[in-house]
Amino acid sequence: MTTPLFLLRCVQLGLSIADLDLLSIGLINDMYCESRNDACSYAVLGTQQDMDLF
């Protein structure tokens, strides 16, 4: 990943320069990946009971 691409990801997430002091590169990458999954719809959603069994 290049610096411009990293900064683009930060802008897309709405992060400020001050936020970058508190977050790691890996965490920002994870946040970006998860933000792309927000629009996905899943056939089966887990319930609290499923989590308790897990």
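Arg9 has a relative accessibility of 18% and therefore counts as buried, where buried stands for under 20% relative accessible area, exposed for over 50% and partly exposed for values in between, with a 1.4 Å probe and protein chains only. The model is a predicted one, in which local features need pLDDT of at least 70 and side-chain atom pairs count only at pLDDT 80 or more, while totals for chains, interfaces and linings use all residues. Residues are numbered from 1 along each chain as its sequence is written, and side-chain values use heavy atoms, with hydrogens and water left out.

**Overall form**

- The chain has 4 helices and 0 strands, these being DSSP runs numbered from the N terminus, with at least four residues of H or I for a helix and at least two of E for a strand.
- The radius of gyration of the chain is 15 Å, well over the 10 Å that the globule rule gives for 54 residues, so the chain is more spread out than a compact globule; the radius is taken over C-alpha atoms, and the rule is 2.2 Å times the number of residues to the power 0.38.
- Along the principal axes, the C-alpha atoms fill a box of roughly 40 × 20 × 20 Å.

**Burial and surface**

- Among the 54 residues of the chain, 11% count as buried.
- The chain exposes about 4600 Å², of which carbon and sulfur atoms supply 61%, the areas coming from the Shrake-Rupley method with a 1.4 Å probe and, for residues, with only the protein chains shown as cover.
- Met1, which lies in the segment before H1, is exposed at a relative accessible area of 61%.

**Helix H1**

- Helix H1 spans residues 3-13, and its residues Phe6, Arg9 and Cys10 are buried.
- These three cover an arc of only 100° around the axis, which puts them on the same side of H1; the arc is that of the directions from the helix axis to the C-beta atoms.
- The buried residues of H1 pack against helix H2 (17-20) and helix H3 (25-36), contact meaning heavy atoms within 4.5 Å.
- On the face turned away from the buried side, H1 carries the exposed residues Pro4 and Val11.
- Gly14, with a positive phi near 80°, follows H1.

**Separations along the chain**

- Arg9 and Met31 are 22 residues apart in sequence, and their C-alpha atoms are 9.4 Å apart in space.
- Thr47, in the loop between H3 and helix H4 (48-53), is partly exposed at 42% relative accessibility.
- Thr47 and Pro4 are 43 residues apart in sequence and 40 Å apart in space, C-alpha to C-alpha.
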